[in-house]
Amino acid sequence: MTDRNSYLNFIGDCRSEIKASREEKFSLSLELKRALNSFNGVTVVPVDWGDLDSHPLNEWVQLNERVEIIKRFSSENLLVFDTIMVAGGNFGWHSHGDCVEEFEVVSGVLKDLDTKTVYGAKDVVIFDMGVEHTPVAIEDCVLSIKFKR
C-alpha cells in the first residue's frame, strides 16, 4: 500500500507542478501580449520594464510582420535586445515610463516619426523615460537596444 500511496503522491506533485508552470506561462503571456499590443498601436500605454522583461531570453519574438526581437541579456537594471526590422517595419507610437531606451543602428536606416530624425549605421539614440517615439525602418535595419533603469 505504501508504494501505491507514494505513486499517487508523486502523480499529484507532478500535476501541481504542471499546473503552476501553465499558470506562470499564461501570466507571462499576458504581459507579453500587453507589450505587443502597445508596440503595434492596438493600445497606447507605456511599454514598461515588466513588459520588456516578460520577453523570453534568447528566443526570437515576432512583434509584427516586419519586426522581430530577441532578448539577449537581462539583469536588475539592464535589458539588451537585438532587433531586425524589414523596410516599413515599426514599433508603433510608444514610450517607456520607467526606463531609458538607448539603441544603436547596427545597419540600415531608421526614422523617428515624432522628431522626423533619420538615423543610419553607428548612430546611437537615447529616449528618456516617458518620451514618446515611433521608429520606422526606411531600409532593412538591425538594431541593438538597451533599456536601463
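Is lysine 148 buried, exposed or partly exposed, and what is its relative accessibility? Select it: at 35% relative accessibility, lysine 148 counts as partly exposed. Buried means under 20% relative accessible area, exposed over 50%, partly exposed in between (1.4 Å probe, protein chains only).

This is a predicted model, where local features need pLDDT of at least 70, side-chain atom pairs count only at pLDDT 80 or more, and totals for chains, interfaces and linings use all residues. Residues are numbered from 1 along each chain as its sequence is written, and side-chain values use heavy atoms, without hydrogens and water.

**Whole chain.** Show the cartoon. The protein has two helices and nine strands. Helices (H or I, at least four residues) and strands (E, at least two) are DSSP runs, numbered from the N terminus.

**Salt bridges.** A search of the whole structure finds three. The term means a side-chain nitrogen of Lys or Arg within 4 Å of a carboxyl oxygen of Asp or Glu.

- Lysine 148 is in strand β9 and glutamate 102 in strand β4, 46 residues apart.
- Select lysine 71 and aspartate 53, another salt bridge (3.0 Å, N to O). Lysine 71 lies in β2 and aspartate 53 in α2, so the pair ties together parts 18 residues apart in sequence. Lysine 71 is buried, at 4%.
- Select aspartate 82 and arginine 72, with closest N and O atoms 2.9 Å apart.

**Last stop.** Select threonine 134, in the loop between β7 and β8. Threonine 134 is buried, at 9% relative accessible area. Threonine 134 touches residues including Trp93 and Leu113; contact means heavy atoms within 4.5 Å.

Notes
Lists of a residue's contacts leave out its neighbours within four places in sequence.
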